[in-house]
Amino acid sequence: PPLYMQRYMAIQEIIEHSIWNGSIKKVVDFGCSEIGLFKCIKLIPGLNNIMAVDVNFNILNRNQFKVVPTNYDHISMHERKEPLTVDIYNGSIADQDNRMLEIYAVICIELIEHLYMDILDSLPSTVFEYIRPKLAVFTTPNVEFHILFPNFTTEFRRHFRPEKNSRNEYAVQFDGIGAGPPGTENIGCCSQMAIFYRKDMKTSSVTSIGSTPYKLLRRVNYPYE
Ligand code: SAM
């Protein structure tokens with residue numbers, strides 16, 4: 001499968017088969033762009049809320065139809081039995097929104113290399129101190145593969161070591177997606193992936209900040225009436 005599909009499949013696998021098997025209820029896909037990940041995660045058992053967030057209104061607007069059930073979804077064998085709410089929001093990962101409370105998994109596929117430094121700097125606190133998900137997955141191009149992003153691996157590791165208080169709360173694992181041709185094993189894969197697991201299994205007690213800067217563009221409920 002093409003690389004983007006390999007990334008989606010890796011994310012699906014992580015959410016579905018993580019140590020929280022079946023207990024990941026709410027997921028946010030930051031920088032969702034064309035809302036491509038959705039089709040790969042919508043059938044995950046236990047999931048009841050997917051938030052797709054992007055700063056680019058036009059991309060969301062053009063692709064919002066993708067969250068509407070297809071004919072395939074109506075074939076009884078594939079029909080979703082458990083309720084699922086899909087929300088498309090126009091907003092930036094730099095802003096904290098109350099509706100992020102109780103998010104179990106944060107997904108950022110090929111997002112961080114597109115962020116300005118100030119936004120990148122604020123991201124660890126939004127994710128690890130405000131949202132405090134059980135699982136956070138980041139993918140980004142591998143510097144050795146993509147010479148367009150010099151020193152990115154170092155930057156990536158520097159920025160994504162959760163800061164201060166949250167430092168000991170997460171365990172991190174690095175992985176790769178999209179192996180190169182034989183003989184290039186030493187440079188690693190096309191995309192690199194960092195998977196953070198919160199060590200503490202308790203549900204986080206996040207305090208409401210009473211602010212909702214994200215703009216809801218579309219909400220679809222499954223099963224679809
Ligand atoms: N995640 C997508 C996927 O897997 O198909 C691809 C991401 S695309 C390469 C990068 C996206 O990040 C763009 O759609 C862009 O609008 C979005 N983006 C850039 N800055 C952002 C921010 N501060 N908050 C949320 N999304 C942002």
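Me: Which residues are the closest around the ligand, and how many surround it?
Reply: A residue is near a molecule if its C-beta atom, placed from the backbone, lies within 6 Å of it. Here 22 residues surround the ligand. The closest are Gly 31, Ser 33, Asn 56, Ser 92 and Ile 109. This is a predicted model: local features need pLDDT of at least 70, side-chain atom pairs count only at pLDDT 80 or more, and totals for chains, interfaces and linings use all residues. Residues are numbered from 1 along each chain as its sequence is written.

Me: What is the shell around the ligand by class?
Reply: Ala, Val, Leu, Ile, Met, Phe, Trp, Tyr, Cys and Pro count as nonpolar. Asp, Glu, Lys and Arg count as charged, and the others, Gly among them, as polar. The shell has 13 nonpolar, six polar and three charged residues.

Me: How many helices and strands are there in the protein?
Reply: Both are DSSP runs, numbered from the N terminus: helices are H or I with at least four residues, strands are E with at least two. The protein has six helices and eight strands. From the N terminus on, the elements run α-β-α-β-α-α-β-β-α-β-α-β-β-β.

Me: What is the order of the strands in the sheet?
Reply: Strands of a sheet pair through backbone hydrogen bonds, either parallel or antiparallel. Two strands pair if DSSP finds at least two bridges between them. Here eight strands form an open sheet in the order 6-7-5-4-1-2-3-8, with mixed pairing. Strand 6 (170-177) and strand 8 (215-222) are the edge strands, each pairing on one side only.

Me: Which strands pair in the parallel sense with strand 2?
Reply: Strand 1 (residues 26-30) pairs with strand 2 (residues 49-54) in the parallel sense over five bridges. Val 27 has Ile 50 as its bridge partner in strand 2, and Asp 29 stands opposite Ala 52. Strand 2 also pairs in the parallel sense with strand 3 (residues 84-90), over six bridges. There, Asn 49 stands opposite Thr 85.

Me: Why is strand 2 described as largely enclosed?
Reply: A residue is buried if 20 or more other C-beta atoms lie within 10 Å of its own, exposed if 12 or fewer, and partly exposed in between. Five of the six residues of strand 2 are buried, so the rest of the structure largely encloses it. Strand 7 (residues 191-198) is mostly covered, with six of its eight residues buried. Of the 225 residues of the protein, 32% count as buried.

Me: Is Lys 39 buried or partly exposed?
Reply: Lys 39 is partly exposed, because 15 other C-beta atoms lie within 10 Å. Lys 39 is found in helix 2 (residues 38-41).

Me: Which residues have the most contacts inside the largest nonpolar core?
Reply: In soluble globular proteins, nonpolar side chains tend to be buried together. A nonpolar core is a set of buried Ala, Val, Leu, Ile, Met, Phe, Trp, Tyr and Cys residues joined through C-beta atoms within 7 Å. The largest one has 51 residues; Ile 11, Val 27, Val 28, Ala 105, Val 106 and Ile 107 have the most contacts inside it. Strand 4 (residues 105-109) gives the largest share of this core, five residues.
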